[in-house]
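This report describes the architecture of a single protein chain, moving from the overall fold to selected residues. The sequence and the structure are shown below.

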Amino acid sequence: AVLVGDDRTWTYYALSLWTGIVTSLIVVRFWLMLGDQFTIVEGKRFFASIAMGGALGALVGSLAAAALAPIAGGRGLLGVSAGAFL
């Protein structure tokens, strides 16, 4: 959050790259874990609901960020997202 306030454009690229890589690793690990937990029959029943929950969470998160952006600003949203990510 401290680096984002400066006029250094590389911080935005670094933040975007870091979150993209970490998120990709977490998503792959999550689905691998679910693949180990469920049988094929259970997976066919549960995986659509789990994926729908992820899409719904992304939608609600985007709506919350849009509502908080005018109040908290960019630094505030970065702090909230870092806390949620943690």
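## Overall architecture

The protein chain contains 2 helices and 0 strands. The model is a predicted one. Along its principal axes, the C-alpha trace of the chain extends over about 50 × 25 × 15 Å. The radius of gyration is 17 Å, whereas a compact globule of 86 residues would have a value near 12 Å.

Buried residues account for 6% of the 86 residues in the protein chain. The accessible surface of the chain amounts to about 6800 Å², and carbon and sulfur atoms contribute 73% of that area.

Helix α2 covers residues 40-85, and its end C-alpha atoms are only 30 Å apart. A straight helix of 46 residues, at 1.5 Å a residue, would span 68 Å.

Two residues, Ala64 and Leu77, are 13 residues apart in sequence, and their C-alpha atoms are 9.9 Å apart in space. Ala64 belongs to helix α2. Its relative accessible area is 37%, so Ala64 is classed as partly exposed, because that class lies between the limits of 20% and 50%.

## A nonpolar surface patch

A nonpolar patch on the surface is formed by Leu15, Trp18, Ile26 and Phe85. Together these residues present about 390 Å² of accessible area. Which helix supplies the largest share of the patch? Helix α1, spanning residues 10-37, provides that share with 3 residues.

Phe85, one of the patch residues, is located in helix α2. Is Phe85 buried or partly exposed? Phe85 counts as partly exposed because its relative accessibility is 42%.

Gln37 lies in helix α1. The relative accessible area of Gln37 is 57%, and this residue is therefore exposed, since the exposed class begins over 50%.

A further distance concerns Gln37 and Gly61, which are 24 residues apart along the chain. The C-alpha atoms of Gln37 and Gly61 are separated by 27 Å.

Key: Residues are numbered from 1 along each chain as its sequence is written. This is a predicted model: local features need pLDDT of at least 70, side-chain atom pairs count only at pLDDT 80 or more; totals for chains, interfaces and linings use all residues. Side-chain values use heavy atoms; hydrogens and water are left out. Helices (H or I, at least four residues) and strands (E, at least two) are DSSP runs, numbered from the N terminus. The expected span of a helix is 1.5 Å times one less than its number of residues. Patches are made of residues with over 30% relative accessible area and no salt bridge: like charges are joined within 9 Å, nonpolar side chains (Val, Leu, Ile, Met, Phe, Trp, Tyr) within 5 Å. Accessible areas come from the Shrake-Rupley method with a 1.4 Å probe; for residues, only the protein chains shown count as cover. A salt bridge is a side-chain nitrogen of Lys or Arg within 4 Å of a carboxyl oxygen of Asp or Glu. Buried means under 20% relative accessible area, exposed over 50%, partly exposed in between (1.4 Å probe, protein chains only). The radius of gyration is taken over C-alpha atoms; the globule rule is 2.2 Å times the number of residues to the power 0.38.
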